[in-house]
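Good morning, colleagues. Please turn to the sequence and the structure that I am about to display.

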Amino acid sequence: MKAHRLILLGPPGAGKGTQSERLVKALSVPQISTGDLLRGARNAGTELGNQAKVYMDTGALVPDELVLALVEERLAAPDAARGYILDGFPRNEAQAEALTARKVELERVVNLVVSDELLVDRLSGRRICRKCGASYHVAFRPTAHEGVCDVCGGEVYQRPDDAAGVIAQRLEVYREQTAPLVAYYEKAGILRTVAGHGEMDEVFERIVEALEL
Ligand code: AMP
């Protein structure tokens, strides 16, 4: 079976996590989200997690050496040999270069495009389950019981970096450091741009079409 190696690129709130979950099911490859790995390291109280904390909570990028250490470890796990969906990595040119240096063949980079207004609406209303990571939205996808995860009954909370003050900073970081990767992968000939507005199912259909799977 073909090893699918994909990157989902796009600003925070573009739907990378949501769409990755669907691609995981459709392609039977793992999702590798550096945001999830970093949050896991924080929850576990590792030294790396503690170091990452201040950057994450202020909407800055965590230093490359910390992120690359996590990614290297994750890519070495047996399940990643079958391929993977990278969600939230790479996030700047140095990280993209580090990935290129591994000489793995990337199949496609999906660039999810969403207006700033919609990004802010999505991020400011987003709520996450502390236990299983399921994602909700106060208006677009509320839990059946306030504060309680529909999937696992865990506590549903707002990520500190989804607070109003931090969102603008994250969007700025995206524009300055991550957006140049659009041109980087366009040059490599593997970029596909997909409109990220609308229903999750609709967006997923657009992605499948763009990937020509
Ligand atoms: P995310 O869940 O992808 O929105 O990531 C949450 C936060 O984790 C980001 O705002 C960064 O502080 C940090 N982070 C996640 N992925 C990376 C990365 N590839 N490089 C640097 N920082 C990252």
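I shall speak about the nonpolar cores, then a sheet, and then a pocket. Please bear in mind that this is a predicted model.

I begin with the largest nonpolar core, which has 29 residues. Which of them touch the most other members? They are I7, L38, V62, L86, L99, V109 and Y185. Two or more residues come from each of the strands β1 (4-9) and β3 (83-87), and likewise from each of the helices α2 (34-44), α3 (47-58), α4 (64-75), α5 (93-101) and α8 (180-187). The element that gives the most is α4, with five residues.

Let us take L99 as an example. Leaving aside residues up to four places away in sequence, L99 touches I7, L75, L86, F89, P90, V104, L106 and Y185.

Three strands form an open sheet in the order β6-β5-β7, and their pairing is antiparallel. The edge strands, β6 and β7, each pair on one side only. Between β5 (residues 126-129) and β6 there are three bridges, and I128 stands opposite S135 of β6.

Finally, the second largest pocket holds about 150 Å³ of space. Which strands supply at least two residues each to its lining? These are β6 (135-137) and β7 (156-157). The lining includes R127, Y136, H137, V156 and Y157, as well as R141 and E146. By class, the lining residues comprise five nonpolar, three polar and three charged.

Methods:
Residues numbered from 1 in each chain as written. Predicted model: local features only at pLDDT ≥ 70, side-chain atom pairs only at ≥ 80, totals over all residues. Heavy atoms only, no water. 1 Å grid on protein atoms, 1.4 Å probe; cavity = no way out; pocket = protein on both sides within 12 Å on 5 of 7 lines; lining within 4 Å. Points joined across faces, edges and corners; volume = space filled by probe spheres on them. Helix = DSSP H or I, 4+ residues; strand = E, 2+ residues; numbered from the N terminus. Nonpolar A, V, L, I, M, F, W, Y, C, P; charged D, E, K, R; others polar. Core = buried A, V, L, I, M, F, W, Y, C linked by side-chain atoms within 4.5 Å. Buried < 20%, exposed > 50% of the residue type's maximum accessible area, 1.4 Å probe, protein only. Contact = heavy atoms within 4.5 Å. Pairing = 2+ DSSP bridges.
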